[in-house]
Amino acid sequence: AMAAIAAALTVAAAIAWPLGCAAEVPAYSIIAHVPGAGGAWDYAIVDPGSGRLFLSQAGVTALDLKTHKVTTGFVPGKVTHGLALLGDRTVAVDDSRTKVITLFDAATGKILSRIPTANDNRANGGHALDALVLEPRTGLLIAVNGESGLVLLVDVKKSGVAGSIAVGGHPEFAAADGKGIIYLNVNRGETSEIVEKQMFTLARE
């Protein structure tokens, strides 16, 4: 999935860059090495408001980008995957073992609410909840089940699942265009590395 994302970004950059312009290579450099707690992690997001990097790592690990302080267990969890910024210092993280989406305060780690999805999300497995993305037009939080190919439409204000869309295959990463469309990369083969884009439009009645 990461290779596909990188390839897509490369293509997008090539299209956006005017032909004939001299390419200016950004000056990137390593400014610090921050020892972590070890252990596997999945998604990562940066919250500009709190100045923290959040990792889904058996819960949520928080890294202060100024002080480089690492806080493990900032939010407790079991097998966490997706993270999404919801605004107003609120962050969402999902857990594939409990099938619960937890909303927490980015500054304190305080649990604001827990949204169960098991009744609408029957398939089990290590990716029974995977990617999370906020669809800003509808305000829905999109939660992906990579085991069953089910996409959950979560109403965070009502703390419940508003609906679902079956896309099949094994979806993983998701991205929103801000206009009601969500893009997913979906693996359709059991052993192949072929990634297929899926697109659907979200509408609120």
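Helices (H or I, at least four residues) and strands (E, at least two) are DSSP runs, numbered from the N terminus. On that basis, the protein has 1 helix and 15 strands. This is a predicted model, in which local features need pLDDT of at least 70, side-chain atom pairs count only at pLDDT 80 or more, and totals for chains, interfaces and linings use all residues. Residues are numbered from 1 along each chain as its sequence is written, and side-chain values use heavy atoms, leaving out hydrogens and water.

**The protein as a whole**

- Of its 205 residues, 39% count as buried, meaning under 20% relative accessible area, with exposed over 50% and partly exposed in between (1.4 Å probe, protein chains only).
- The protein exposes about 12000 Å², and carbon and sulfur atoms supply 57% of that area, computed by the Shrake-Rupley method with a 1.4 Å probe.
- Among contacts (heavy atoms within 4.5 Å) with a separation of 6 or more, 36% are between residues 24 or more positions apart.

- Two strands pair if DSSP finds at least two bridges between them.
- β1 and β2 (residues 52-56) run antiparallel and are joined by 4 bridges.
- Ala44 stands opposite Leu55 in β2.

**Thr61 and its surroundings**

- Thr61 belongs to strand β3 (residues 59-64) and is buried, with a relative accessible area of 5%.
- Leaving aside residues up to four places away in sequence, Thr61 touches Leu53, Phe54, Leu55, Val70, Thr71 and Thr72.

**Aromatic rings**

- Rings of Phe, Tyr and Trp (its six-membered ring) pair if their centres lie within 6.5 Å; planes under 30 degrees apart count as stacked, over 60 as edge-to-face and the rest as tilted.
- By this rule the count comes to 4 aromatic pairs.
- One of them joins Phe74 and Phe104 edge-to-face, at 6.2 Å centre to centre with 80° between the planes.
- Phe74 lies in strand β4 (residues 70-76) and Phe104 in strand β7 (residues 100-105), so this pair ties together parts that are 30 residues apart in sequence.
- Phe74 is buried at 12% relative accessibility, and Phe104 is buried with a relative accessible area of 0%.
- Phe54, Phe74 and Phe104 form one aromatic cluster.
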